[in-house]
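Here's a quick walk through the model, one region at a time. Keep the viewer open while you read.

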Amino acid sequence: MSETNTVSPLRQRMIEDMAARKLNPNTQRGHIYSCKRFAAWLKRSPDTATPDEVRRFQLHLIESGTSICNRNRIMTGVRFLFRVTLRRHDLAAEVWHIKEPERLPPVLSPEEVKRVLTMATSLKARAMLTLAYGCGLRAGEVVRLRSGNIDSEQKIIRIVQSKGRKDRHVMLPSEALKLLRQWWKERPTAHDAGVTPEHRWLFPGRRKHRPMTTRQLGRLFKEAAKAAALRKTVPLHSLRHSFATHLLERGKDIRVIQALLGHSKLETTARYVRVATGMIAKIESPLEGLSPPRRRRAKRDRKKPPAP
């Protein structure tokens, strides 16, 4: 796990273990970085660590101001090294995770979404952002769309091997299909040679045979959000959050929304109930059922009629 360009036998074994389990490339890079960070703190190879050093490294991360999310991510990679590659279950047992604070996902109102889509700086940007919101797609799912994934007759999009290595179908709104047809006429075709039509990227990137990057899509959203004069700073993923929340507010079944989003657990989808302000505002408080307190009428002093 040294910083040199040569790959150490330990790192090579860990890479092979991750590849054998088909971990996502980003996950693999994260695990390698985590173990390099642990080795840098330890100042020697991680396979010589002691249980007490594993405990003190976690305290070091907390004391150095590392966020709970990053701290847990680092220790997940270190635990993989201990548990899988080194088979050191005594060291893996010393790794603990801290419960992360639950935050409400950022959601735009329908009016704000409309402004963002309207202010998109180009046809390509408008088509991609419309797919992100109108179909509830992740950024990576938008940029990796191929022409063969679009079924215009059935009005569906097939998402292939996305997060969790799962396929799913989502709806294809008429407005999104219209934009895609317009974009297909303007789409650059410099790298289409030798690629069958159904395998061509909808949004080709600058590199040959590679799609546009999620970072580029993020910049397009940032430009559109700035032009729309949003009062809050939100990430591109907020379009997916807004998609789920707005469907929930319109009364769509939460299990249907779960399938559209590709969530494995219903609990993940259920968090949108907490931000569905339209639904929350319509809930009648038990206070409404309390009858207003009756006011006691003041007794009037009846004056006795004067004596005759």
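## A buried serine in a loop

Ser-162 counts as buried, at 8% relative accessibility (buried is under 20% relative accessible area, exposed is over 50%, and partly exposed is in between, with a 1.4 Å probe and protein chains only). You'll find Ser-162 in the loop between S2 and S3; helices (H or I, at least four residues) and strands (E, at least two) are DSSP runs, numbered from the N terminus. What does Ser-162 touch, leaving aside its neighbours within four places in sequence? Ser-162 is in contact with Arg-138, Glu-141 and Arg-168, where contact means heavy atoms within 4.5 Å. Arg-138 is 24 residues away from Ser-162 along the chain, and the C-alpha atoms of the two are separated by 9.1 Å.

Some ground rules before going on: this is a predicted model, with local features needing pLDDT of at least 70 and side-chain atom pairs counting only at pLDDT 80 or more, while totals for chains, interfaces and linings use all residues. Residues are numbered from 1 along each chain as its sequence is written, and side-chain values use heavy atoms, with hydrogens and water left out.

## The whole chain

The protein's secondary structure comes to 14 helices and three strands. Its C-alpha atoms fill a box of roughly 125 × 60 × 35 Å along the principal axes. The radius of gyration is 28 Å, whereas a compact globule of 308 residues would have one near 19 Å (taken over C-alpha atoms; the globule rule is 2.2 Å times the number of residues to the power 0.38).

Of the 308 residues, 39% are buried. Among contacts with a separation of 6 or more, 58% come from residues 24 or more positions apart. The protein exposes about 20000 Å², and carbon and sulfur atoms supply 52% of that (accessible areas come from the Shrake-Rupley method with a 1.4 Å probe; for residues, only the protein chains shown count as cover).

## The sheet

The three strands make an open sheet in the order S1-S2-S3, with antiparallel pairing; two strands pair if DSSP finds at least two bridges between them. Strand S1 (150-151) and S3 sit at the edges with a single partner strand each, so one side of each has no neighbour in the sheet. S1 and S2 pair over two bridges, and Ile-150 stands opposite Ile-157 in S2.

Strand S2 (residues 156-159) pairs with S3 over four bridges, in the antiparallel sense.

## Salt bridges

How many salt bridges does a search of the whole structure find? There are eleven, where a salt bridge is a side-chain nitrogen of Lys or Arg within 4 Å of a carboxyl oxygen of Asp or Glu. Glu-102 is exposed at 58% relative accessibility and forms a salt bridge with Lys-99 (3.7 Å, N to O). Lys-99 is exposed too, at 67%. Glu-102 also forms a salt bridge with Arg-274, with the closest N and O atoms 3.5 Å apart. Glu-102 lies in the loop between helix H5 (89-92) and helix H6 (110-118), and Arg-274 in the loop between helix H13 (266-270) and helix H14 (277-282), so the pair ties together parts 172 residues apart in sequence. Arg-274 is partly exposed, with a relative accessible area of 39%.

Glu-112 and Lys-232 form another salt bridge, with the closest N and O atoms 3.3 Å apart. This pair links distant parts of the chain, 120 residues apart: Glu-112 is in helix H6, and Lys-232 is in the loop between helix H10 (214-227) and helix H11 (238-249). Glu-112 is buried at 14% relative accessibility, whereas Lys-232 is partly exposed at 36%. Elsewhere, Asp-52, Arg-55 and Arg-56 are linked in a network of salt bridges.

## A buried histidine

His-31 belongs to helix H2 (residues 25-42) and counts as buried, at 9% relative accessibility. Not counting residues up to four places away in sequence, His-31 touches Met-14, Met-18, Leu-23, Thr-76, Gly-77 and Phe-80.
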